[in-house]
Amino acid sequence: MNWNRVFAMVLRYFLYLKHNWDRLSDMFYWPAFDLFLWGLTGLYFAKLANSQNAIFVLLAGLVFWIVIWRAQYEINVNILAEIWDKNLVNIFASPLTVKEWITSLLIVGFIKMILSVAFSALIAFILYRFNIFLYGFALIPHLLSLLLTGWAAGFLVASMIIRYGAKIQTFAWTGVAIIGPFSGLYYPLSILPHWAQTTAFIVPSSYVFENLRQILSTGTFSMEKLLISFGLNVVYLIISLKVFMRMFKKSRELGLNRLVQ
Amino acid sequence: MDNVLEVKNLTKKFGDFTAVDSVSFSIGDGEILGVLGPNGAGKTTTIQMLLGVMSPTAGEVFYFGKSFLKHREEILKKANFCSTYISLPWQFTTMEILEIFARIYEVPDSKPRIKKLLKEFEIEHLEKKHFSDLSAGEKTRLLLTKAFLNYPKIILLDEPTASLDPEIAVKIRDFLKKEKKEYNVSMLFTSHNMAEVEEMCDRVIILNHGKIIVEDTPENLAGKIKNCELELLIIKDENKVDTFFKNKKIKHRKERNNFFIPIREQEIGSFLTALTNEKINYEQISINKAGLEDFFLQTIRKEKQNELE
C-alpha cells in the first residue's frame, strides 16, 4: 500500500467536491431539508401522542440513516466521477492499485460521513434540542456498525457500476434504500409483517436501530444485537469487496476504456 | 539494443471475435516504434493491453525484462501514455490535475518538473485554467505534460498530434525527438499521419485484423514501391498528348490539364525524350516519390483484395 498514492486520490475526491456544488448540496442541503420537514412532522405526531420520545426516535432515524447513506453514496459517486470525467483509464494506467483506490474511497467516505452527520446532529440539536451524545459511548460502536453497512452496500453497487458503467448509475442514489424498510429506522421491527421481520434478521442495521431506540427508552442496549450487527457487516463487507474485485477483473477483461466512451 | 518492451503472442478475443491475434514485437532502448493500421485493426486494443487497462486472453508482456502481470506497479512508475481519446477531470485546473498525477507517479520535487514541462509545451499561462475551458490543442498538450511528468523510460502515444495545429505539432515532434535523444526514452507511436510516422519512427509495424502483416523501417517499406508518379502540366498540346498516350498504351490519369503517369524512376528519362520527339511541351513537371503512405495503402488494398478472393 503506497500512502502517497492514496493521499493523491483522497485529494482528487476532495477537489472534486470543491468543484461540484451539487455534491456539497448532497452533503448538507438534503440532510438539512429532511430534518426540517420530518422533524416538524415528528413534532406534530409527538404532540398528538403526547410523547417527547416519538420525535427523538424519528430524528435518530434521520440522523443515523445518513451514516449508511453517505457511506454507500460516497463510494459510488466517486467511482462514477472517474467514469463521468473519463479519467478511469488515466488512473489505472498508472501505478495506482485497486486496493489503494478502495482505501482512498473509504477514507473520503468516512470523512464526508462524519461531516454530514455532525452537520445534521447540529441542526437536530438547534431545532429540536435532540442531542446525539445522549447515547454516550454506545454511539461509537453503533455508528461504526452503520458505517460498515453503508460500505458493504456501497461496494455491491460499485460492483455493478464498474461492470456496467454509468447506465446503471441510478443505483448510486437508490441502491441502499432497499434495506431502509427492513432496518426499522422509525419503528420497531415488531410492527413489520412476518416475512419482513424474517428479512430484517439478516439486515445488520435493523439490530442497530433497535438498540438505538432501546437506549432512548431504557438507557441500555443489547450487546448481543450489536455483535450480531457487526458479524453480519463483516460477512457482507467481505462478500461485497470480493464481488467488487471480481467485477473489476471482469471489467478489465472487457477493457476499462469502454466505460468512458 | 536492450528491449524495453517485449510483447509475446499477445491475443485478445471477445467471444468468437479475435481483436488481436498472437502479436509479437519489441521496442529497444531509445527506439520509436510506429504502429499503423486501418480502423479496427487492433491498435487501440493492443495499447490498452500494454497499459494494463485490458487483460489479454493470451500472451505475455515484458517491460524492462520483467513480467507486466507480476510487476505492474513497479513498471507503470517508469511508463506513461498519452491518448487524445482520453480526458482528464474537466472541472479541475491544469495545476490541480498535474499535482495529483505527480503524487500518483511519486514524482520527486514535482513543482519544478511541472513548470518545466508546462513551458516546454507552451501552456504555462494555463496553470489556473479549468480543463473544460482548454482548446483541443491545449488539452492534448496537457495530456502530454501529464505523460512526461514521471520521467518515463517508455511512453505510449496514441495519435498525440491529432488535434494540434501544424506549428505546435512540429514543436511536439521536436520535443519527442529531444526526449529520445537526450534521455533515451522509448516510444510506441500511432498516427494516421504517415509523413509524421516516417519522420519519427525507427521501425514500423502494420496491423490488420489483429495481426502484424508488415514490420520494417519506414525507409525500407517506402522503398518497396518501385513506381513513382510523374506529374505533367500540359496546356497547349493536350490533344497531342492524349493521342500519344493512347497509341503507346500508357496508363495515366488526368485532372484538368495535369497528367499523372505511374512510372519507374529509371524510365523517366526515356519517357521525357519520347515526349520531346513527339514535340509535346509541358509547362510544369514534378516527380512524386512513393512514401510510407503509398506502401500502407497498397498493402491494405492488397489485403482487402485477398480477403475478397
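This is a predicted model: local features need pLDDT of at least 70, side-chain atom pairs count only at pLDDT 80 or more; totals for chains, interfaces and linings use all residues.
Residues are numbered from 1 along each chain as its sequence is written, and chains are lettered from A and ligands numbered from 1 in the order in which they are written.

**View 1. An open sheet of four strands in chain B.** The strands stand in the order S2-S1-S4-S5 with antiparallel pairing, where strands are DSSP runs (E, at least two residues) numbered from the N terminus, and two of them pair if DSSP finds at least two bridges between them. Strand S2 (17-28) and strand S5 (66-67) of chain B stand at the edges with a single partner strand each, so one side of each is left without a neighbour in the sheet. Strand S1 (residues 3-14) of chain B is joined to S2(B) by eight bridges, and the two run antiparallel. Within S2(B), Phe25(B) is the bridge partner of Val7(B).

**View 2. Helices H6 and H10 of chain A.** Helices, which are DSSP runs of H or I with at least four residues, are shown here as H6 (residues 139-164) and H10 (residues 204-218) of chain A, packed at an angle of about 155° with their axes 9 Å apart. Axes are lines fitted to C-alpha atoms, for helices over the stretch in contact, and angles run from 0 to 180 degrees between N-to-C directions. H6(A) and H10(A) are therefore roughly antiparallel to each other, a term for angles over 145 degrees, whereas those under 35 count as roughly parallel, 65 to 115 as roughly perpendicular and the rest as oblique. H6(A) passes H10(A) in a left-handed crossing, meaning that the near helix is turned anticlockwise from the far one by less than a right angle, while clockwise would be right-handed. The contact includes His142(A) and Leu146(A) of H6(A) and Val208(A) and Leu212(A) of H10(A), with residues in contact if their C-beta atoms, placed from the backbone, lie within 7 Å.

**View 3. Helices H3 and H5 of chain B.** Helix H3 (residues 94-104) and helix H5 (residues 136-148) of chain B pack at an angle of about 25°, with their axes 10 Å apart, and H3(B) and H5(B) are therefore roughly parallel to each other. Thr94(B), Ile97(B), Leu98(B) and Phe101(B) of H3(B) make the contact with Leu142(B), Thr145(B) and Lys146(B) of H5(B).

**View 4. Two loop residues of chain B with positive phi.** Most residues other than glycine have a negative phi. Asn184(B), however, has a phi near 60° and lies in the loop between helix H6 (166-183) and strand S8 (186-190) of chain B. Lys249(B) has a phi near 55° and lies in the loop between helix H9 (238-248) and strand S12 (253-255) of chain B. With 13 C-beta neighbours inside 10 Å, Asn184(B) counts as partly exposed, whereas Lys249(B), with 6 other C-beta atoms within 10 Å, is exposed. A residue is buried if 20 or more other C-beta atoms, placed from the backbone, lie within 10 Å of its own, exposed if 12 or fewer, and partly exposed in between.

**View 5. Where chain A touches chain B.** Here 26 residues of chain A are in contact with 23 residues of chain B. H1(A) gives the most to the side of chain A that touches chain B, with nine residues.

Methods: Two residues are in contact if their C-beta atoms, placed from the backbone, lie within 7 Å.
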